[in-house]
Amino acid sequence: MLNQVKVGIVGGTGYTGVELLRLLALHPNVTLHAITSRGEAGMRVADMFPSLRGRIDLAFTDPAQADLKSCDVVFFATPNGIAMQQARELLDAGVRVIDLAADFRIKDVAVWEKWYGMQHVCPDLIAEAVYGLPEVNRAAIKDARLVANPGCYPTAVQLGFLPLLEAGIVDPDHLIADAKSGVSGAGRKAETHILFAEATDSFKAYGVGGHRHLPEISQGLASASGHKVGLTFVPHLTPLVRGIHATLYGTIKKETDLQQLFEDRYADEPFVDVMPKGAHPETRSVRGANICRIAVHRPQGGDKVVVLSVIDNLVKGAAGQAVQNLNLMFGFEERMGLEIVPLSP
Ligand SMILES: NC(=O)C1=CN([C@@H]2O[C@H](COP(=O)(O)OP(=O)(O)OC[C@H]3O[C@@H](n4cnc5c(N)ncnc54)[C@H](OP(=O)(O)O)[C@@H]3O)[C@@H](O)[C@H]2O)C=CC1
Ligand SMILES: CC(=O)N[C@@H](CCC(=O)OP(=O)(O)O)C(=O)O
């Protein structure tokens, strides 16, 4: 077992890339070896991100020149369609890969190609990849060469629905996920809808007709329930920087103590907190930390269950979960580098 891993990050200037840097800077068993950027090659990381001054003494390298093959593991914090072009070469060189994008998340290649609008260049690697949701796939992640780190909405929604579907408590044909994301979920790019004046002091749904996280969530929930699910998923853009709040609805078909069900399911999970009965988790209670806080409700004792699930999209929804996966892959304690108290307020 290695006690020090050499890490490369492709896409070090994006929001998930810099979040990886923040977490890995304090990870005792990680040595950062290469951090790429095409636009900022040559610039010192700490000059671009003063929050990392005194913590990271490296410069960005162009991905074409970066020494990725001598790393033990490479994270791709890049747009969709980039990791699939380089994964095989790295795996062949003995490098393990964690993709924060969606290239390896959906097992059905035709479904992936339809939603992502491009041809997949290595479908055989999709078959090999392990979906990196530790609360479901912990054992397989430990042995994986290639991990598909889950999407942000899919993390919040799946963790909220899993106990109910695994135990057959709700009707799997009529699930509703009403989810809200902060603006950092859209990445660090110049687009009109995420400009301060457009996104602040306003609130809107988007992708009601279909969002690319729908097939990813449906795949995970189907696997939990043992058959296909019917899911209505509506994402919203909310004027927060970080955070996802998912309100999940199901129709109860089998009676159980819902609070006990959730507490038992997540009793041994270091990064899922089932809150006391009647709680209303806030996104600020997870800000900056690798945690999903969940509360389960049964309004007026009726036939509907309502689950509230909150995460920080950049941490449990991306970089933190990726570090959790690294810890599992290299046999480190799962909490290593992730013992962070959320920022509140
Ligand atoms: N933001 C979030 O909350 C979440 C994001 N994700 C996923 O993680 C991935 C990264 O997201 P995010 O950090 O928000 O994205 P950003 O747009 O903020 O950053 C993208 C990064 O990728 C680099 N990059 C872009 N194109 C290429 C390329 N062709 N080759 C190599 N590097 C490239 C960019 O740097 P440069 O152009 O200088 O090379 C930049 O560092 C995306 O796939 C996203 O869907 C997943 C979960 C949550
Ligand atoms: C607010 C916002 O725009 N969110 C993004 C989520 C993108 C993301 O993180 O995508 P992956 O998890 O698939 O990598 C969106 O809806 O497209």
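I began with Asp201, which sits in the loop between helix H8 (196–199) and strand E9 (204–205). Helices (H or I, at least four residues) and strands (E, at least two) are DSSP runs, numbered from the N terminus. Phi of Asp201 is near 60°, a positive value in a residue other than glycine. Is Asp201 buried or exposed? I count Asp201 as exposed because it has 8 C-beta neighbours inside 10 Å. My cut-offs, with C-beta atoms placed from the backbone: buried means 20 or more other C-beta atoms within 10 Å of the residue's own, exposed means 12 or fewer, and partly exposed lies in between.

I then looked up Gln300, in the loop between strand E13 (292–297) and strand E14 (304–311). Gln300 is not a glycine, yet its phi is positive, about 50°. Gln300 has 7 C-beta neighbours inside 10 Å, so it counts as exposed.

**Ground rules**

This is a predicted model: local features need pLDDT of at least 70, side-chain atom pairs count only at pLDDT 80 or more, and totals for chains, interfaces and linings use all residues. Residues are numbered from 1 along each chain as its sequence is written, and chains are lettered from A and ligands numbered from 1 in the order in which they are written.

**Domains**

I noted two domains: domain 1 is 5–150 + 317–329, and domain 2 is 153–313. The bounds come from an automatic or database domain assignment. Their C-alpha centres lie 24 Å apart. At the boundary, 17 residues of domain 1 are in contact with 21 residues of domain 2. Contact means that the C-beta atoms of two residues, placed from the backbone, lie within 7 Å.

Which elements give two or more residues to the domain 1 side? They are helix H4 (109–116) and helix H11 (315–329). H11 gives the most, with five residues. By class, I find nine nonpolar, five polar and three charged residues on that side. In these classes Ala, Val, Leu, Ile, Met, Phe, Trp, Tyr, Cys and Pro are nonpolar, Asp, Glu, Lys and Arg are charged, and the others, Gly among them, are polar.

The UniProt record (unreviewed entry) annotates residues 6–144 as "domain: Semialdehyde dehydrogenase NAD-binding". UniProt positions are in the numbering used here, feature names are shortened, and annotations may be inferred rather than shown by experiment. The end C-alpha atoms of residues 6–144 lie 17 Å apart, and the span is 35% helix and 17% strand.

**The seven-stranded sheet**

I traced an open sheet of seven strands, in the order E3-E2-E1-E4-E5-E7-E6, with parallel pairing. Two strands pair if DSSP finds at least two bridges between them. Strand E3 (60–61) and strand E6 (130–131) are the edges, and each pairs on one side only.

I stayed on E4 (residues 73–76). Strand E1 (residues 5–10) pairs with E4 in the parallel sense over four bridges. Gly8 has Val74 as its bridge partner in E4, and Ile9 has Phe75. E4 also pairs with strand E5 (residues 96–99), parallel, over four bridges. There, Val73 has Arg96 as its bridge partner.

Where do the E4 side chains go? Val73 and Phe75 point one way, Val74 and Phe76 the other, and all are buried. In a regular strand the side chains alternate between the two faces of the sheet.

**Cys152**

The UniProt annotation "active site" (unreviewed entry) covers Cys152. I place Cys152 in helix H7 (residues 152–166). Cys152 counts as buried because 27 other C-beta atoms lie within 10 Å. Leaving out residues up to four places away in sequence, Cys152 touches Ser181, Gly185, Ile244, Asn313, Gly317 and Ala318.

**Ligands**

Ligand 2 came next. Its surroundings are Ala101, Ala102, Gly151, Cys152, Ser181, Gly185, Ala186, His213, Pro235 and Leu237. A residue is near a molecule or strand if its C-beta atom, placed from the backbone, lies within 6 Å of it. I sort this shell into six nonpolar, four polar and no charged residues.

Ligand 1 has 31 residues around it, and Gly11, Gly14, Gly39, Ala101 and Gly187 come nearest. Which helix gives the most to this shell? H1 does, with three residues. Helix H1 (15–24) and H11 each supply at least two. By class, the shell around ligand 1 has 11 nonpolar, 16 polar and four charged residues. Domain 1 and domain 2 each provide at least three residues of the shell around ligand 1.
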